[in-house]
Amino acid sequence: MEAVHGIQSLASGDGHHHLSRTLGPALLISVGYIDLGKWVATVDAGARFGYDLVLLVLLFNFSSVLYQYMCTCIGMVTEKNLAQISDQEYSRFICVGLGVQAGLSLLTSELTMISGIAVGFNLVFDHDDLITGIIFACVVINLLPYLLSPRDKRMSGTLNACIAGFTILCFVLGLLISQPEIPLHVNVMFPKLSGESAYSLMALMGANIISHNFYVHSSVVQVQKRSHVLTLRTLFHDHLFSILFISTGVFLVNYVLLSSAASESSHNVIHSFHDAVDLMNQIFTNPMAPLVLLAVLLFSSHIISLTCVIASRAVMENFFGANLSLSAHHVLLK
């Protein structure tokens, strides 16, 4: 798994000031917010409640920015990842609970990644057999981390950062281009919370605040070097700018999905996962959209596999005392 070492090499840098040291890790982390499960959660919320949940989606997005920024600061100041600090500060019972929570987050990420690729495969090839799509997804996500991993660590880190940037660019531009008109709704009121909206709120919170990403971000940046030119204050500012820049794009896409679903749902009723996927097909009006969707899901699955390995290693070593190889973590998650 040279790609994992490449990510850490990219973050460590060479002591000179350039934005790639902070933008690269932020891009890799942000790809975790791109999968079909998160899109369906947003589409379902828009179809059911219209624009009522826009403010809460914005609040969740700001919370994610704050948590990611705090994790980077903690990792750079202490030169330890979040799991190491938690292991030192909390009791064994709490650490096991945090480990189980991170494990469930990793498992959910893997499941939505596989199901997303399977659905994208069926959309592109007009195929209705979900089992074939799942088999295709399982083969691809196991091979990509090895196929897209040059031997040189720095080259591997740069390549994966470029893949992450390309994926997010396709993610944002692909949806915006597929929309002939982006509905804007300015009279947004704070939602009236109810038992019916609680499930959508939990899904939206899970789509915007991913717990295992915090362990990844702190693990990646803890190796960053400081010098008389590149101080901690400068690194903090660069990390904040990178996280805000990418999170703004992710929120923009979520807003477009939510508002488009609200506009399209007047004649649609969401009862199941397939209903939400059908509504997404109506939102993606461009005929090339399914192909772009599959490409985004494939590239994002590669990056998510790498970041999940980093999170799994941090969690297993510090919360459960299991010291496994990177390949073992990759196989264990799959």
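# A guided tour of the cavities and helices

The largest cavity in this predicted model has a volume of about 130 Å³. It is one of three cavities of 30 Å³ or more that a search of the whole structure finds.

**Stop 1: the lining of the largest cavity.** Select Ala26, Ile29, Ser30, Tyr33, Asn61, Ser64, Gln68, Asn208, His217, Ile243, Ser247 and Val250, and show their side chains; these residues line the largest cavity. Now colour the elements that give two or more residues to this lining: α2 (20-30), α4 (54-78) and α11 (232-264). How many residues of each class does the lining have? Five are nonpolar, seven are polar and none is charged.

**Stop 2: helix α11 and Phe245.** Remain with helix α11, which spans residues 232-264, and select Phe245, which is found in this helix. Is Phe245 buried or exposed? Phe245 has a relative accessible area of 55%, and because the cut-off for exposed is over 50%, Phe245 counts as exposed. Phe245 and Ala26 are 219 residues apart along the chain, and their C-alpha atoms are separated by 9.4 Å.

Stop 3: Select Cys95 and then Cys308. Cys95 has a relative accessible area of 1% and is buried. Cys308, at 0% relative accessibility, is buried as well. Both residues are assigned to this class because buried means under 20% relative accessible area. What is the count of disulfides in the model? With a disulfide taken as a pair of cysteine sulfur atoms within 2.5 Å, the count comes to zero.

**Stop 4: the whole protein.** Clear the selection and switch to a cartoon view. The protein has 14 helices and zero strands. Following the chain along its sequence therefore gives one α after another, in the pattern α-α-α-α-α-α-α-α-α-α-α-α-α-α. Of the 334 residues in the protein, 53% are buried. Now display the surface: the protein exposes about 15,200 Å², and carbon and sulfur atoms supply 66% of this area. Finally, consider the contacts in the protein with a separation of 6 or more: residues 24 or more positions apart account for 84% of them.

Terms used:
Residues are numbered from 1 along each chain as its sequence is written. This is a predicted model: local features need pLDDT of at least 70, side-chain atom pairs count only at pLDDT 80 or more; totals for chains, interfaces and linings use all residues. Side-chain values use heavy atoms; hydrogens and water are left out. Buried means under 20% relative accessible area, exposed over 50%, partly exposed in between (1.4 Å probe, protein chains only). On a 1 Å grid over the protein atoms alone, a cavity is a set of points where a 1.4 Å probe fits but cannot get out, and a pocket is an open set with protein on both sides within 12 Å along at least five of seven lines; lining residues have an atom within 4 Å of a point. Grid points are joined across faces, edges and corners, and a volume is the space filled by probe spheres set on the points. Helices (H or I, at least four residues) and strands (E, at least two) are DSSP runs, numbered from the N terminus. Ala, Val, Leu, Ile, Met, Phe, Trp, Tyr, Cys and Pro count as nonpolar, Asp, Glu, Lys and Arg as charged, and the others, Gly among them, as polar. Contact means heavy atoms within 4.5 Å. Accessible areas come from the Shrake-Rupley method with a 1.4 Å probe; for residues, only the protein chains shown count as cover.
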